[in-house]
Amino acid sequence: MDECLTNSTCAEANELQRWCNIQTEMLCGTVEKECMETPLSKKALEVAKRNIKDELLFVGITERMDESVSILEKILPTYLEGVSDVDIVHKNVGEARRIVRQKGNGKEVLSKEAKKVLKDICSLDLELYEYVDKMLTQRVKECM
């Protein structure tokens, strides 16, 4: 994994920047020209944020599944009443983080350099995640 992240030719050939920012691409849509550019720009991120804020009823976060489901239950009680009582299995929550932090033979799976590259190429999705996380925190305060 380290080898491809730290090799710009490999990273470009495998479109790591595109795949790493796929949530921004999906939430940006296909209407705005910024959403069709490769690689995506900050403008695409702003369109994605605007779509989340103005066009979507709700966006949750896997790591905050219980809160997300509770809010959905309050937003759509006719359809989701009682769903928060169901035991939801959080099978893959945080799997990527676990892999990055996992130690093998006393070493981190990713080097500091690879982590920095990953953070740089995933910057749009990371910022989008933070935006949604703040929105979810606000919704929890309002709804709970």
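Predicted model: local features only at pLDDT ≥ 70, side-chain atom pairs only at ≥ 80, totals over all residues.
View 1. The protein holds 10 helices and two strands. Its 144 residues include a buried share of 26%. Among contacts with a separation of 6 or more, 59% join residues 24 or more positions apart. The accessible surface comes to about 10100 Å². Carbon and sulfur atoms account for 53% of that surface.

**View 2. The largest nonpolar core.** This core has 16 residues. Cys28, Ile71, Leu128 and Leu136 have the most contacts inside the core. Two elements give two or more residues to it: α5 (42-54) and α10 (123-143). In soluble globular proteins, nonpolar side chains tend to be buried together.

**View 3. Leu136 and its partners.** Neighbours within four places in sequence are left aside here. Which residues are then in contact with Leu136? They are Phe58, Ile61, Arg64, Ser68 and Ile71.

**View 4. The disulfide of Cys20 and Cys122.** A disulfide is a covalent bond between the sulfur atoms of two cysteines. The link is right-handed, with 90 degrees about the S-S bond. It ties together distant parts of the chain, 102 residues apart. Cys20 belongs to helix α3 (residues 16-20). Cys122 sits in the loop between α9 (112-121) and α10. Are these cysteines buried or exposed? Buried means under 20% relative accessible area. Cys20 has 19%, so it is buried. Cys122 has 8%, so it is buried too.

**View 5. The disulfide of Cys4 and Cys10.** Cys4 and Cys10 are joined with an S to S distance of 2.0 Å. This link is left-handed, at -100 degrees about the S-S bond. Cys4 counts as buried because its relative accessibility is 17%. Cys10 counts as partly exposed because its relative accessibility is 24%.

**View 6. The disulfide of Cys28 and Cys35.** The sulfur atoms of Cys28 and Cys35 lie 1.8 Å apart, forming a disulfide. With -70 degrees about the S-S bond, the link is left-handed. Both cysteines are buried.

**View 7. The disulfide pairing as a whole.** How many disulfides does a search of the whole structure find? The search finds three. With the bonded cysteines numbered in sequence order, the pairing runs 1-2, 3-6, 4-5.

**View 8. Cys143.** Cys143 has a relative accessible area of 26%. Cys143 is therefore partly exposed.

**View 9. Arg18 and the ring of Trp19.** Where does Arg18 lie relative to Trp19? Arg18 is placed over the face of Trp19, at 4.5 Å from the ring centre. Aromatic pairs are another matter: a search of the whole structure finds zero.

Methods: Residues numbered from 1 in each chain as written. Heavy atoms only, no water. Core = buried A, V, L, I, M, F, W, Y, C linked by side-chain atoms within 4.5 Å. Buried < 20%, exposed > 50% of the residue type's maximum accessible area, 1.4 Å probe, protein only. Helix = DSSP H or I, 4+ residues; strand = E, 2+ residues; numbered from the N terminus. Contact = heavy atoms within 4.5 Å. Disulfide = S-S within 2.5 Å. Phe/Tyr/Trp six-rings, centres within 6.5 Å; stacked < 30°, edge-to-face > 60°. Lys NZ or Arg CZ within 6 Å of the ring centre and 35° of its normal. Areas by Shrake-Rupley, 256 points an atom, 1.4 Å probe, with all protein chains shown as cover.
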